[in-house]
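Visitor: I am new to reading protein models. Could you take me through one, feature by feature?
Guide: Gladly. Look at the picture, then ask away.

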Amino acid sequence: MRTLKENQKLRMDWAGAGVVWFLVLLLAVSLTAAVTFGTMSLPIRDVYGVLYYKAVHFFLGAEVPTQWAEGSALHDVVWLIRLPRLVLGAAVGAALALCGVVMQAIVKNPLADPYILGISSGASLGATLATLFSICAVWGTKSVGVMAFVGALMISCAVLFLANLGGRATAVKLLLAGSALSAVCNAFSNFAIYLRNDDHAPSQIIRWTMGGLGAANWQDNQIFVLAVLAGTLFFITQCRTLNLMLLGDDNAVTLGTDLHWHRIAYLLVTSLLIGLAVYNAGTIGFVGLVVPHGVRLLLGTDHRRLIPVSALVGAIFLVWADVACRTVLPGNEIPIGILTSMAGAPVFLYLMVRHRYGFGGSE
Amino acid sequence: MMWQVETRNLAMKLGGQQILEHIHVTAGKGQVVGIIGPNGSGKSTLLKCIYRVLQPTDGAVYLQGRELGQYTVRQSAKTLAVVAQHHGYGFDFTVREMVLMGRSPYKRFLEQDNLQDYEIVSESLRMVGLEAKAERIFSTLSGGEQQRVILARALAQQTPCLILDEPTNHLDIQFQLQMMELIRNIGKTVLLAVHDLNLAAAYCDYLFALQDGHLVGSGTPTDLLTPEFIEKVYGVHARVGTEEDGTPYIVYRTARKEKNV
């Protein structure tokens, strides 16, 4: 027999699913609405027109001659210029928010973020080295992405190792280890750039350090979007373990889960996602910190809600952040990494200064 | 099936220091067995070896005659539930979510919590008297309430054996007695570290005493807790009386006088 409380609890689960579907819808609307912004503003009707044409073309193979067809200016602006970069933005936002949530569970500290812990810098260093010195050339054109992954993974492991030296990792030790490693990686990136003194490389490298969605194309997007979807689904299956991770290793063992291998697997997956995100869009900071924090305030700590909702909110957040980047200064574009840092760093400081910060919004 | 928890010749070395040596401890089916001893005598370390957080350097732990290492972590979590001494957690789960985690050893890959799990959780919360606080945030509760939530989580694991490390710490006298009463009547094999000798005397079937990592005595409370023994292990003068129902009780008199004090 169900009591009133249990009925309420089951209804809450349904409410959670409702939130997820609402956010999926909101993401779709955001993506198409954001296409209308730019140097030339477009009516939303044209956006859906192009998408309609694409869908018909793709599914039915039929050629419909309209003003949205391939080769038209509208088609090129919507499909080849604006949409790829927005899709990339959504994927990067989802990846960063997801990695933020998972890393916060791994280090049991809500201040963790790929950028703050220096992991984005590690990926950026890997990518820079690969570009400038053709390291890992056996991987061909993928070498940059592979090196970004390797850089992210090495820094993830180094942060965990350094923070755990001499006893349990504390927030202070984590942040110190992260900022020190970040400084080291940035210094070596700059050193490499200085050594090469190359003319063509810097624009790409500046994109990695400042973050930008400008180089988006469908080919790279395909791989990245698939990776983000797979990563999100993977972590949705891991929600129970992520919850136990917050209780610590000792509690997890007495509740039937040995976290050791889980932790390694999670580090690999998050490093892969961060490596790909940096490879495609450079270092974009604080998304992995601010988004999970906001979601926890509203929905609580349970990862069953936190994982899907954070990924979706991160995606929507970055789509609109990119719109802001393109419209704040008329005729000019702010690198998105600069914008998220300008907005996110004060939030980070606020969280750090607050006397007690737990996983969520009890106060 | 005998739900028996046993250590055989267990030894533990931590940081080059011998914390435990030659420890034989047994808790038989349905027995409430207490481990007593002064601070730093190795009680917590012994329990940690039993609940798998520490790997003993020598000897082994046996669950119903089978060595603990032969169980998977998941199997042992269905056999042994633990109420450890906890330190503040840096997260904000609700009480219900905390207790629900006690069901995790039973959950297969991707399996959701079902109505039965919620019923078990409600029942566990009712047993510790916290059903009214199910939706509260765990970290906003008092230390004693948190301790009871952890006990509820252990109950939700529905194990035949229960390990408790000083479960009455942080508790008001009323809840100390309630908790010991609950443990006494729970029908599980219970192994617990106790600080309070009166609680140990009143609620345990059998006691093991540790001092400096060695077993210095064992027996029923009546046999073990003599004034001589208490002075030897704890260094205090005590008077031991007997209640009408035969339970011994202890009144402490003075600390053993050190020279030149």
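Visitor: How many helices and strands does chain B have?
Guide: This is a predicted model. Start by counting elements. Chain B has nine helices and 12 strands.

Visitor: What share of the contacts in chain B joins residues at least 24 apart?
Guide: Take the contacts between residues at least 6 apart in sequence. Of these, 64% join residues at least 24 apart.

Visitor: Which strand is joined to S9 of chain B, and which way do the two run?
Guide: Look for bridges. Five of them join S9(B), residues 206–211, to S10(B), residues 214–219. The two strands run antiparallel. One bridge pairs Leu207(B) with Gly219(B). Two residues lie between the strands, making a hairpin. In the turn, Asp212(B) has a positive phi of about 50 degrees.

Visitor: Which residues touch the most other members of the largest nonpolar core?
Guide: That core holds 179 residues. Ala95(A), Leu98(A), Val102(A) and Ile163(B) touch the most other members. Helix H3 of chain A, residues 73–106, gives the largest share, 20 residues. Now follow Ala95(A). Beyond its neighbours within four places in sequence, Ala95(A) contacts Val228(A), Gly231(A), Leu273(A) and Ala277(A).

Visitor: How do I read a single helix?
Guide: First, the general idea. An α-helix has 3.6 residues a turn, so residues three or four places apart point the same way. Now take H12 of chain A, residues 287–299. Its 13 residues reach 18 Å from first C-alpha to last, close to the 18 Å expected. Its buried residues include Val287(A), Leu289(A), Pro292(A), His293(A) and Arg296(A).

Visitor: What do the buried residues of H12(A) pack against?
Guide: They pack against H3, H13 (303–327) and H14 (336–353) of chain A. After H12(A) comes Gly300(A), with a positive phi near 90 degrees.

Visitor: Where in chain A does pLDDT stay under 50?
Guide: Check confidence along the chain as well as on average. The mean pLDDT of chain A is 84, and 87% of its residues reach 70 or more. Yet pLDDT stays under 50 over residues 357–363 of chain A. The model has 25 contacts beyond four places in sequence for that stretch.

Notes:
Residues are numbered from 1 along each chain as its sequence is written. Chains are lettered from A and ligands numbered from 1 in the order in which they are written. This is a predicted model: local features need pLDDT of at least 70, side-chain atom pairs count only at pLDDT 80 or more; totals for chains, interfaces and linings use all residues. pLDDT is the predictor's confidence in each residue, from 0 to 100. Two residues are in contact if their C-beta atoms, placed from the backbone, lie within 7 Å. Helices (H or I, at least four residues) and strands (E, at least two) are DSSP runs, numbered from the N terminus. A nonpolar core is a set of buried Ala, Val, Leu, Ile, Met, Phe, Trp, Tyr and Cys residues joined through C-beta atoms within 7 Å. A residue is buried if 20 or more other C-beta atoms lie within 10 Å of its own, exposed if 12 or fewer, and partly exposed in between; C-beta atoms are placed from the backbone. Two strands pair if DSSP finds at least two bridges between them. The expected span of a helix is 1.5 Å times one less than its number of residues.
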